[in-house]
Amino acid sequence: MIRHIFKIIWNERKTNAWIVLEYILVFCVLWFCVDYLYYMGKCYWEPVGFDTKNTYVLEMQKKPDTSFNNTEGNGETEVVDKQALAQTFLNRVKNYPGVENVCFSKWAAPFERSSYMSGYYIDEDTTHNVTFRLRWVSENFFDVFRINTTAKEISGWDAPGTNQILITPNREGLFGNEEYSVPLEDVKKLTSSTSDRKEHTVIGSAEKMKDGYFNSYFCNILLPLVREEYDLREMQICLRVSPGADKDFEERFTKEMREQLMLGPYFMSSLKSIDKNARITNWPTDDLNGIYAITAFLILNIFLGIIGTFWYRTQARRSEVGLRLALGSTRWGVKKLIFGETLLLLFIASIVGVNICINIGHTELLELLDIPIANRMDAGIGNEQEFINYALAFGLLAVISLIAVWYPARQAAKIPPAEALRDE
Amino acid sequence: MYKVYFKQALLMLKQNKFISMIAIMGTALAIMMIMTIIVTDEIKEISTTPEINRNRTLYVDYQVKRDTARNSWQSGSISYETLKEYLYPLKTPLYVSGVNPSWSNIPNTLITREGSSEIINAHMRITDVAYWKIMSFSFTQGRPFSDGEFQSGISAAVVSETLAQQIFKGENALGETFLVNFKPYRIVGIVEDVSPVFKQAYGDLWIPHTTQPVENRFTEVMLMAESPEDFPAIIEEVRRMEKKFETEHSPWILYLKGPVNNKIFQKGIYGNNAEEITSAIAVQKRKMIFILLILLLIPAINLSGLSLSRIKKRTEEIGIRKAFGAKKYTILIQVLFENLITSVIGGVIGLALSYVVVFRMRDWLLDVPADSTIPVSTLISFPVLLAVFAVCLIINLLSAGIPAYRASRMKIINSLNQNDK
């Protein structure tokens, strides 16, 4: 059967060359689309390290002119008791129905753009200066984002002079960077490599964390945010809401709390759902839409190409099909022949395509073209990816081609043998 | 002559409706994709009210300050200090203006009327006097804030018609006072609403830099030249200003991105020094060419296969024509012309579809809110129509070139015998 189809393909090699060429091009482009989508999907479903369901981020701002208005009278700026205001803020927000907990942090809230990095020495080893991502958080941070730690006691970890910290591992469960890392459990002490050489005691660890869905897992240091640092405008303020209360929470809260949260020079400027916001700010909309558009375009093209070519072909081969039918071939047999021809063409093209794609994938060509590519190292993706790409790209094209060829095949099978033979 | 071709081509299309439709759809699809890209670019680049001077404006939206002694650096939007010390003094540009980036403060400014508890969220632009010279707003009432008001930090504001309506509900808003983030401002001018398509002009209200605290004053800078020929001189002068910074703030050095023209500015290319920007621009160019190539090549191969089959069916006819003395190029031109008619029909449909796509998917393509309007003046322009025709022609040549060539080269005897080996 297959040899027979090969023969047919060979006889029509001139028109088939166009289809194979088109298949190869489309296969290659689809390959990289699938590659990227698979990578994005894998990253998205991996945990970020924070439970952001039902959490919100609240932004406070300062009235622009309080400081210079007050300079008129006594020539001195009115001192704002930032800590007291923050405490009032906490009490008021916590008392709002539905709010489970509130936390303050700096450079720590998930899906925020800003980050703070600094170099540290691990334990006594001063030969390796390793950079970590620092997050300053209040105690409630762990509760708001449901972060489990191995530390025995978190409350009171910010006691002055104790310098207690928590650490998080990278993807492999190690603590360090690409060049130098140690098992997480072995880390007891960190020394800052900046001029103050401050020493920190590690009291436990938390799950691995990443800054956004599509970022890599970076090792973090969680430090206590001390009360002296409290400033409602500077801090990130996050709240967790009980599951039942999250309907229209933003609107309700903003409306009802506006007055209550006019605290000294501060006022509430916005309240956003962290999840919703992440989908906007942390989503590669352009890349994904581009890929969807290209994929749809390719599929439509392949569809039109196959339907057109095979339509002509079945017309040109009317007498041949007539003869087959006259000699006892079933109508299903004719259809099968045409389906087989399509799939075999696709298969030939896919073998060529795979070779091209794998070779291109190992060069820098794609980077030179700024094509969104999967960062396989970061996502922990190995060679199995290539089989998945092949299966998906081939499967997709096969389905489309079979749908496209269905109409011409039906036309061919409907040819009345007697009429077709008389054509000769 | 061409009339005959035209009639013949239409007959051919009618004769085989199914295949004609497939060929036209294939062409329309390709042209829709390409035109969507071109129309989107056109909207982003065309100089029209209110951003009437895009073609002669350079943009600087990113600065890097590097401490060469300690190898530390800060980067971000242009700070007001940089603007004041190193960009306002520029001599070559006609006007220099800084405005807070459109992505900042979306729409986070709280607007209230004094004594009212109702709060409106608005999109605020913080800017200067030259801004009103570079842009062309249509004032329905009043005027922009003046240089005097800017210099002495007087809280004057220009608002959009919609915002004025929202705050004052039909009363005359001009000259009235309202609160911007709880600070009182007086309305000195009211302008017609601006479409968010115009990233630099869009806003609900506009206030002077000097009325805001320093931490809010970060900007994207526009340098408007007399004509685009002055661009190299302006870039040269900006480089001199960087040198000036270096001598004044050693060991710190300053890098000002670009300045880049509107086309590159709209693409949002990032880089921390001149080389990175140049290479990023080159990458963007290559990417564009690659995408256009894919968009042209695949439909072309597709249609090529179809044309080949179609011509194969007509070899007999071609043979007879040649037997009666038709020249090679006559056959070539006839096939190309016939195909061109398919391409042009596809092109018109494709262009129409591309407008539908741009309109339906404006939030993605143009990065504007889904309910915003797109000014018609940006949609239909001479370059766009020219581009459609050019794309049709290219697709036509790519898809029918080889089949037409082969048809014209066929030996008469072979075509009469229907023998294509």
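Colleague: How many helices and strands are there in chain B?
Modeller: Chain B has 15 helices and 16 strands; these are DSSP runs numbered from the N terminus, with helices (H or I) of at least four residues and strands (E) of at least two. This is a predicted model, where local features need pLDDT of at least 70, side-chain atom pairs count only at pLDDT 80 or more, and totals for chains, interfaces and linings use all residues. Residues are numbered from 1 along each chain as its sequence is written, while chains are lettered from A and ligands numbered from 1 in the order in which they are written.

Colleague: Is chain B spread out or compact?
Modeller: Its radius of gyration, taken over C-alpha atoms, is 29 Å, well over the 22 Å from the globule rule for 421 residues, so chain B is more spread out than a compact globule. That rule is 2.2 Å times the number of residues to the power 0.38.

Colleague: And what does the C-alpha trace span?
Modeller: About 90 × 60 × 35 Å along the principal axes of chain B.

Colleague: New topic: which domains is chain B divided into?
Modeller: Domain 1 covers 2-48 + 280-416 and domain 2 covers 54-271, with bounds from an automatic or database domain assignment. Their C-alpha centres lie 44 Å apart.

Colleague: How many residues are in contact between them?
Modeller: In chain B, 15 residues of domain 1 are in contact with 13 residues of domain 2, meaning C-beta atoms, placed from the backbone, within 7 Å.

Colleague: Which helices supply the domain 1 side?
Modeller: Helix H2 (17-45) and helix H9 (274-313) of chain B each supply at least two residues of the side touching domain 2.

Notes: Contact = placed C-beta atoms within 7 Å.
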